Amino acid sequence: MRECVPYEEQPPAPAPASDAGVPAGNILVYDTQTGTNRPVRKATIVARRWFKIERSYTDNTGHYQMTKRFKNKVRVNIKFKNSDAEVRGMRGIRLWQMLFPIKKTLGIFNGDNVKNNINYTFPLFTDPGSKGNKYWAGATTHNAVQDYREYAPQEGIGLPPTGIKIILTRLVSGAATPMWNKRTLDLLPEEFVKQFLISPYGLVVGGLNALVLVLKHQIDIAVSYQNTTSDRLKETLFHELTHAAHYEALGNSWYNSFVDAEVSEIIGNFGGTYSPYGQKSGSNSPIIALGESWAYYMGHYLADKQYGFNSGLAVEQGFGYTNNNPVSGLSSHLNLLEDFSPYRIDDPFYWIPQGVFYDLKDTRNENTPVVDQVSGYTNQQMFNAFQSNIYDLQDYRLKLIQQTSNQPTEVTDLFFRYGY
């Protein structure tokens with residue numbers, strides 16, 4: 001069992017530069033789980049006065065340091081954009097915001113201001129619809145991308161492509177990773193827009209068609225940030241970034257099939273119990289079970305990796321999981337995975353086996369909720385068994401056994417217990 005430890009604090013930021021005319025400072029974001037302020041890493045900082053412009057990036061401590069000296073007034077902005085990702089956001093029905101990275105002006109500083117100590121912390125506001133909460137969600141999302149790109153090589157699970165576009169919205173709930181910025185898109189279904197981007201009640205007449213035309217090449221990941229915490233938002237983002245890593249590893253053909261399967265179920269079950277994944281008996285369920293089970297697992301696994309016993313409530317199958325409950329020594333995220341049951345058929349998505357990968361990895365042998373006599377698999381081994389010609393969990397199981405030769409009988413039995 002991996003020891004759960006809190007996410008470590010970053011080292012203190014450097015002292016202000018000696019020249020007060022050179023913009024510098026520290027950018028932080030409030031973390032709801034630790035009650036501390038975290039550095040915003042690798043964010044773009046822009047200092048501008050008329051045609052005099054300089055761009056820089058925050059480092060791992062959240063510190064930035066310009067080189068140009070601004071004698072008079074200077075405007076300093078932060079943008080949630082770098083070569084890895086661009087985080088966009090939409091508040092209310094300001095649809096044009098979806099086309100640009102989230103930007104906040106830190107201030108306009110004149111000759112009387114000290115420009116070398118321009119600091120800002122993004123707080124979480126009590127009003128979920130506030131403009132400030134969009135900034136907080138943008139900073140948290142921006143950091144989640146950096147966290148994932150740090151964790152993925154450690155776990156051997158592959159990286160998302162660079163230059164992805166993430167759109168944040170609070171007008172709906174849920175999240176999706178269609179990768180429509182990276183893939184060729186001929187059609188953006190209205191049902192997808194209504195489920196993951198904006199309620200139709202927030203659109204003027206003809207607005208939906210206009211939105212579809214604009215967004216055809218603007219979305220890789222869409223995430224809701226309404227009523228959330230650092231823990232829940234990052235778990236969701238780790239889930240979606242896992243899908244993006246699958247796109248990068250398995251290619252267009254496999255990912256086209258995966259997204260088309262889910263879009264088909266969204267259209268066919270829109271607004272119903274079985275949206276967005278459909279039913280196990282449906283023709284799309286094999287690839288959905290394969291792709292979603294891995295993303296759910298990695299979302300919770302990486303949230304645990306970051307927060308450990310600072311994790312908040314995790315909810316699945318009608319149960320709320322907390323740290324040390326029901327299993328002592330496990331965070332809420334690992335308890336969710338450990339307790340996931342394919343026999344709770346009241347859960348419409350009981351057939352997406354979130355727990356099977358954790359059962360392959362953990363060292364506990366248990367009989368409930370499923371018989372698990374397997375241990376010792378690594379995330380890298382499990383990731384490597386995903387291949388572009390594998391479209392269901394049965395073939396995945398065979399490939400995993402073929403590549404590892406680790407406990408083939410026990411692995412076969414474990415997948416059987418999960419229905420595969």
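Of the 420 residues in the chain, 55% count as buried (under 20% relative accessible area, with exposed meaning over 50% and partly exposed in between, for a 1.4 Å probe and protein chains only). The model is predicted, so that local features need pLDDT of at least 70 and side-chain atom pairs count only at pLDDT 80 or more, while totals for chains, interfaces and linings use all residues. Residues are numbered from 1 along each chain as its sequence is written, and side-chain values use heavy atoms, with hydrogens and water left out.

The secondary structure comprises ten helices and 14 strands (DSSP runs numbered from the N terminus, helices being H or I of at least four residues and strands E of at least two). Among contacts (heavy atoms within 4.5 Å) between residues at least 6 apart in sequence, 67% join residues at least 24 apart.

An open sheet is formed by four strands in the order 7-10-12-11, with mixed pairing; two strands pair if DSSP finds at least two bridges between them. Strand 7 (85–90) and strand 11 (175–176) each have a single partner strand and stand at the edges, so one side of each is left without a neighbour in the sheet. The pairing of strand 7 with strand 10 (residues 164–169) is parallel and runs over six bridges. In this pair, Ala85 stands opposite Ile164 of strand 10. Helix 1 (residues 131–155) packs on the sheet and touches strand 7 and strand 10, its direction making about 160° with that of strand 7 (axes are lines fitted to C-alpha atoms, for helices over the stretch in contact, and angles run from 0 to 180 degrees between N-to-C directions). Helix 4 (residues 230–268) also packs on the sheet, touching strand 10, strand 11 and strand 12 (221–224), and its direction makes about 160° with that of strand 12.

The axes of helix 4 and helix 5 (residues 285–307) come within 8 Å and cross at roughly 155°. That makes helix 4 roughly antiparallel to helix 5 (angles over 145 degrees count as roughly antiparallel, under 35 as roughly parallel, 65 to 115 as roughly perpendicular and the rest as oblique). The crossing is right-handed, that is, the near helix is turned clockwise from the far one by less than a right angle.

Beyond its neighbours within four places in sequence, Tyr396 is in contact with Leu290, Phe357, Met382, Ala385, Phe386, Ile390 and Phe415.

Thr34 is found in the loop between strand 1 (24–31) and strand 2 (36–39) and is partly exposed, with a relative accessible area of 22%. Not counting residues up to four places away in sequence, Thr34 touches Tyr307 and Asn310. Thr34 and Ser311 are 277 residues apart in sequence, with a C-alpha to C-alpha distance of 8.8 Å.

Cis peptide bonds join Asn325 to Pro326, with omega about 10°, and Thr368 to Pro369, with omega near -5°. Pro326 lies in the loop between strand 14 (319–321) and helix 6 (332–339). Met179, a residue other than glycine, has a positive phi near 55°; Met179 lies in the loop between strand 11 and helix 2 (190–196) and is buried at 0% relative accessibility.
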